Amino acid sequence: MKTIQIKGSTGDTVISVGESLDNLHRYVAVENIIVITDTRIAEIYGKRFPPCKMITIGMGESIKTLKTVENIYRQLLAFGADRSTFLVGIGGGIVCDITGFVASTFMRGLRFGYVATTLLSQVDASVGGKNGVNFQGYKNIVGVFNQPEFVICDLSLLRTLPDREISCGFAEIVKHGAIADAEMFAYMEVNAARALSLDLSIIEKLVYESVRIKAAVVNRDEFEKGERRKLNFGHTFGHAVEKTTGISHGEAVSVGMVIAAAVSEAKGLLKNADTKRLQRLLQDLALPTRIEVDAGRVWDALQKDKKREGDTIHFVLLEQLGRTVVQRLSMEDIRVGLQYLTSPTDGNRSRTHVSKGANKSLQSETPAFFGVFGDPVSHSLSPVMHNRAFAFSGYNGVYLPFRIKTIAEAVSAMKTLNMRGASVTLPHKIRIMAHLNHVDALAEKIGAVNTILNQDGVLTGYNSDAMGAVTALKERISLKNKRVAIIGAGGAARAIGFGILESQGKVIVVNRTAKTGERLAADLGGDFSLPVEIQRVECDVLINTTPVGMFPDVDATPVPGAFFNEHMTVMDIIYAPLQTRLLKEATAAGCATIQGLPMFIYQGAFQFELWTGMRAPVEEMRAAVSEALG
């Protein structure tokens, strides 16, 4: 274990690289801490936490808001937190940022520390004392400077990260080498493959050296008045790209660094050979160096960058690899960087993946192999639906059910058998994420994956539940500015909730367990209500995502008939039976109703198109499932 110290105005930080989560008790009195973490970390590592109170938040950049902070304040008050309470953030950059912000503002300041669980948080987000949240889509625009007392960088925790998340952490490590250490940069060029495989000797050196560089800069300029601005290399364009595309922070910074290098070249500071070295290293670390995006939207976002002062901006330029300079440039000076951004040829992000997934399978004489992973899985109608779609479309494919106990083994088998795609159902939708190479931005927000695309051994996860539900709803009603009450707070509710947000709707979560429901409501930026209070809920759309009313309990309903009025649209995601008691009573009250079958069909259509590159035969898929249901 190696340690590095930051001496800040609010206190000192000891950063321990190679320390273990299991030794957290050595850093703070266990009886006086409250842990803040996210749902995935709680599931994977919760048993290793010391016995203490815990606050769990959602995942993804969309929850890094004042709404989430407010929800944490409420829970701290409920726990009886006082000025002696110590907060520990256990998680990635989002958890660390939120924990630091809460600790800095609750009761005018609590002591706090971090256990950084991602590569990005170990080398960047947890180091330096910046704590903040996003506001109206603008990254970290509300925040404070305040140093944590300790940061534990447990390198063993990196083993459970998806490959994509590992690459995102390397973006910040490359940045540190590019701005301050040419030898470290060259070391990464030689050892990129071993670094990606998380070779312990390589990764320990890179994390330590990266933290050393950042800590040295922070010690000289804690409040970003001068030298610390160098740490923003690649971030000016990176934040704008992140905001307008939804790609991860690390990927956006990777693109931003290449653009910043191009601006440096245009200013006559950097040799083209160094720009190419930067591009090659980022590509070797599985990071993007160029992206299709609306350049006009990126430019609009740049106008609102918090580093901008009037018509100028403090911009970090490279003089050579390992040496930077910060210059105050006009906005027009940096416009040259927009040439590295091109307008997308297709506004549907999933369609890009469709074309990639189709190339080989359409040319192969061997049947393409697909399946559904779950436990139980014998009840699934996905094989019926997809096999009918394959046959009708003339696609040489077969889809089978697999009862899977251990999802890691299923992923390994998927690669070995060269399965082109798979559906994922309970209980694996969350666990699967740790075993994928990439996760789509919407699935990342939802925190669950139900669809996998295999492209030459590279597995990408998606969540088609949101798309299925929203497509079914939009056949009947526009969701923009509509108040949508979602009954339930499980995986389906979460997926549909984010789908509603993407369609500019407003969410009210109705759930019998207050803690779970309030957490989802906070993640969605919506309101919460208990079922006994539903008569007070005002909504345009009601969606049942619970199993209440499913066969054999067909006489049950989650909502009393007196709740409905003729202006409502009511949807039930249950499709056995197709006409639930909820839908019958809603129809009797004059509501427009939507059965669960369309959602199931449309999410399956998304999967079919993603896997095959062909247009889904929706009506044929609907007929197959209807026949199976009798």
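In the predicted model, strand β21 (residues 483–487) pairs with strand β24 (residues 541–544) in the parallel sense, over four bridges. Within this pairing, Val-484 stands opposite Val-541 of β24. Both strands belong to an open sheet of six strands, arranged in the order β23-β22-β21-β24-β25-β26 with parallel pairing. The edges are formed by β23 (527–529) and β26 (592–594); each has a single partner strand, so one side of each lacks a neighbour in the sheet. From one strand to the next, the twist averages 20 degrees. Helix α19 (residues 581–588) packs on this sheet and touches β24, β25 (569–572) and β26. The direction of α19 makes about 165 degrees with that of β25.

Strand β18 runs parallel to β20 (residues 458–462), to which two bridges join it; His-438 stands opposite Thr-460 in β20.

Helix α16 (residues 464–474) is mostly covered, with eight of its eleven residues buried. Among the buried residues are Asp-465, Ala-469, Val-470 and Leu-473. The N-terminal end of α16 is capped by Asn-463, a side-chain oxygen of which lies 3.0 Å from the backbone nitrogen of Asp-465.

The salt bridges number 29. One of them links Lys-445 to Glu-502, with the closest N and O atoms 3.3 Å apart. Because Lys-445 lies in helix α15 (residues 441–446) and Glu-502 in helix α17 (residues 491–502), this pair ties together parts that are 57 residues apart in sequence. Lys-445 is partly exposed, its relative accessible area being 26%. The closest N and O atoms of Arg-74 and Glu-70 are 2.6 Å apart. Arg-74 is partly exposed at 47% relative accessible area, and Glu-70 is also partly exposed, at 35%. In a further salt bridge, Asp-12 and Lys-7 have their closest N and O atoms 3.6 Å apart; Asp-12 is partly exposed at 36% relative accessibility, whereas Lys-7, at 54%, counts as exposed. Finally, salt bridges link Asp-124, Glu-172, Lys-175 and Lys-214 in a network.

How values were computed: Residues numbered from 1 in each chain as written. Predicted model: local features only at pLDDT ≥ 70, side-chain atom pairs only at ≥ 80, totals over all residues. Heavy atoms only, no water. Buried < 20%, exposed > 50% of the residue type's maximum accessible area, 1.4 Å probe, protein only. Polar contact = N/O pair within 3.5 Å; in protein donor to acceptor, adjacent residues only side chain to side chain. Pairing = 2+ DSSP bridges. Axes fitted to C-alpha atoms, helices over the stretch in contact; angles between N-to-C directions. Contact = heavy atoms within 4.5 Å. Salt bridge = Lys/Arg side-chain N within 4 Å of Asp/Glu carboxyl O.
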